Amino acid sequence: MRCSNQTLLAALALIALAGAAGRTAAAPADPPAGAAPKVATEATDGGTDDAAKKKRPVRDSNTCLTCHRTLTDTKLRVVAEEYEHSVHQDERIGCVACHKGNPTDPTVQSHDKTTGFVVRPTHSQIAATCGGCHEDPTFVRRFNARLGIDQRKMYELSRHGKIAGAGDENSPTCTTCHGSHAIMPVDSPNAKVNRRQVRDLCAKCHADKEYMKPYGLPATQPEKWSKSVHGKAFAEGHEKAPTCTGCHSPHAGTLPGTSTVAALCDRCHQDERDLFLKSPHSRAFRKLGLPDCVPCHGDHDVQRTSWLAGMAPDSSCSKCHAKDEKPRKVADEVASILNDVEGEEHGVSVALTEAKSAGLLVPDASYALDRLHTARIRLVATVHTLDVAQLTEDANAAKSLAAEARDIIARARRDRQTERRGYFAAIGVLGLLFVLLVLKSFELARRRRRSAP
C-alpha cells in the first residue's frame with residue numbers, strides 16, 4: 001500500500017513538470033479584449049536599462065507648444081514663443097485656458113471645434129474668456145494672492161465696457177491693453193500697462209483725432225497730462241505722481257459711484273477738498289452745476305493753485321471774475337500773500353546757500369527753512385478757503401520762520417567776523433612780539449661787540 005502511494009505522488013509530479021514546460025514553450029498570449037494597452041517595459045523591449053529609459057514615451061501635456069514651435073508659418077510660431085515668455089506660461093493654465101481643445105492630442109484632432117476649440121475669441125467673447133479664470137479666486141490665488149478678481153466687473157461698469165457691450169468693436173477690451181499672447185505682469189517694465197508706459201498706451205487711442213471723433217472726445221488729454229503738474233512730477237521721477245490709471249483706475253475708467261471729478265481728486269487731495277468745501281466757491285459751484293476742482297485747475301492739464309491765483313491775464317481767477325470788483329480784490333490779495341511767502345522762502349534759500357558756501361555751520365537755519373517750506377505748502381492748501389484773514393495769519397507765521405532763519409544766518413556771520421578780528425589781533429600781537437625780540441637780539445649783539453677786548 002505504501003509503495004502504491006509513492007508511485008502515485010511520482011506520477012503527479014511528472015504531470016506538473018510537463019505542464020509547466022508546455023506553458024514555457026507556448027507563444028505569448030494576446031491581452032484580453034478591453035484591457036488597457038500594455039505599457040512597454042525594458043524587459044519587453046529587450047534592451048538595457050538606459051536604452052529602455054530613452055525609449056520610454058514622455059507624456060506631452062501641451063502639444064500646442066510642441067507643434068507650434070516647429071511651424072514654418074511665422075504668424076503661428078510667434079504666438080507660441082510669446083506665450084512661453086508671458087505671465088501665463090504655466091502648465092496649469094496652458095493654451096487651452098483661452099482656446100480650449102485637447103492639449104494632449106498630438107494630432108489635428110486637438111483643433112476639433114466639437115470639443116470646444118476656439119481659434120480666436122471674438123471681441124465680445126474676450127472679457128468673458130479672461131474672466132473665466134480671473135473671476136475665480138480659488139484659481140487665480142494659486143498664482144498670485146494679491147491679484148484682484150473684480151477686473152471684469154469693473155470693466156463692464158466702465159465706459160469702455162459699456163460701448164463694448166453695445167457691440168462697438170473699436171472699444172478696448174482686455175487684449176487691447178494687455179496683449180493676447182505676450183502678456184507681461186503689470187510691474188514688468190516691458191508690460192504695456194506698466195505705469196511707465198501706460199500714458200503711451202492710452203495715447204494710441206486717445207491722441208488719435210479720427211479714432212476719438214465718433215465718441216465726441218478730444219484727442220488732447222495725453223499731451224495736456226504731460227504738461228500738467230502731474231505729468232511734470234512723473235517725469236521728475238516722483239513715484240506717487242498719477243498717470244492715466246492713477247485717476248481713471250486701470251479697468252473702471254471712472255470708478256463706479258464717482259459722479260464728479262472732485263471725487264477722484266479727493267483720493268489724494270482730501271485736505272484741499274475739505275478746505276474747498278468751506279469756501280464760497282463750493283456753494284457757487286454747486287449752484288451753477290460746476291465740478292469742484294476743474295474750473296480752477298483743469299482736468300488733464302492740472303496746474304498749481306499758487307500759479308493760478310491773481311488777476312493776471314493767464315490766471316484762473318480772471319476767467320470768471322474779470323469784471324467783479326470784490327472777487328478781483330480777493331484774488332489780488334491772495335496772490336500777493338502767496339507771492340510774499342514764496343519770495344521769503346526763495347530769499348532764505350539763497351542766503352542759506354551762500355552761508356554754507358562761506359563755510360558757516362547753520363543747521364538751525366536749515367531746519368527753519370524746512371519748516372518755512374512746510375508752512376508755504378499749508379498756505380497753498382488754505383487758498384482753497386479764500387479766507388484772506390486766515391491766509392494772512394498763516395503767512396505771518398511763515399514769515400516769522402523766514403525771519404528766524406535770517407537771524408540765525410546773520411548771527412553766524414557776526415560770529416565769524418568776531419572770530420576773524422580775534423585772529424587778526426592775535427597775529428598783530430605775535431608780530432609785535434617777534435619784532436621786539438629781533439630788536440632785543442640786535443641790542444644784545446651790539447653790547448657783546450662793545451664789551452669785547
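Modeller: pLDDT is the predictor's confidence in each residue, on a scale from 0 to 100. The protein chain averages a pLDDT of 84, and 84% of the residues score at least 70. This is a predicted model, in which local features need pLDDT of at least 70 and side-chain atom pairs count only at pLDDT 80 or more, whereas totals for chains, interfaces and linings use all residues. Residues are numbered from 1 along each chain as its sequence is written, and side-chain values use heavy atoms, with hydrogens and water left out.

Where pLDDT is low, the predicted coordinates should not be read in detail.

I turn now to the core. A nonpolar core is a set of buried Ala, Val, Leu, Ile, Met, Phe, Trp, Tyr and Cys residues joined through side-chain atoms within 4.5 Å. Buried denotes under 20% relative accessible area, exposed over 50%, and partly exposed the range in between (1.4 Å probe, protein chains only). The largest nonpolar core has 29 residues, of which Leu338, Val362, Leu372 and Leu379 touch the most other members. Two or more residues each come from helix H23 (325-357), helix H24 (363-382) and helix H25 (388-451); helices (H or I, at least four residues) and strands (E, at least two) are DSSP runs, numbered from the N terminus. H25 gives the largest share of this core, ten residues. In soluble globular proteins, nonpolar side chains tend to be buried together.

Val362 touches Leu352, Ala355, Ile408, Ile409 and Ala412, residues up to four places away in sequence not being counted.

H24 has 20 residues and reaches 29 Å from its first C-alpha to its last. This is close to the 28 Å expected at 1.5 Å a residue, the expected span being 1.5 Å times one less than the number of residues. The buried residues of H24 include Ala365, Ala368, Leu369, Leu372, Ala375, Leu379 and Val380. Ser366, Arg376 and Thr382 are also among the buried residues of this helix. An α-helix has 3.6 residues a turn, so residues three or four places apart point the same way.

Note on methods:
Contact means heavy atoms within 4.5 Å.
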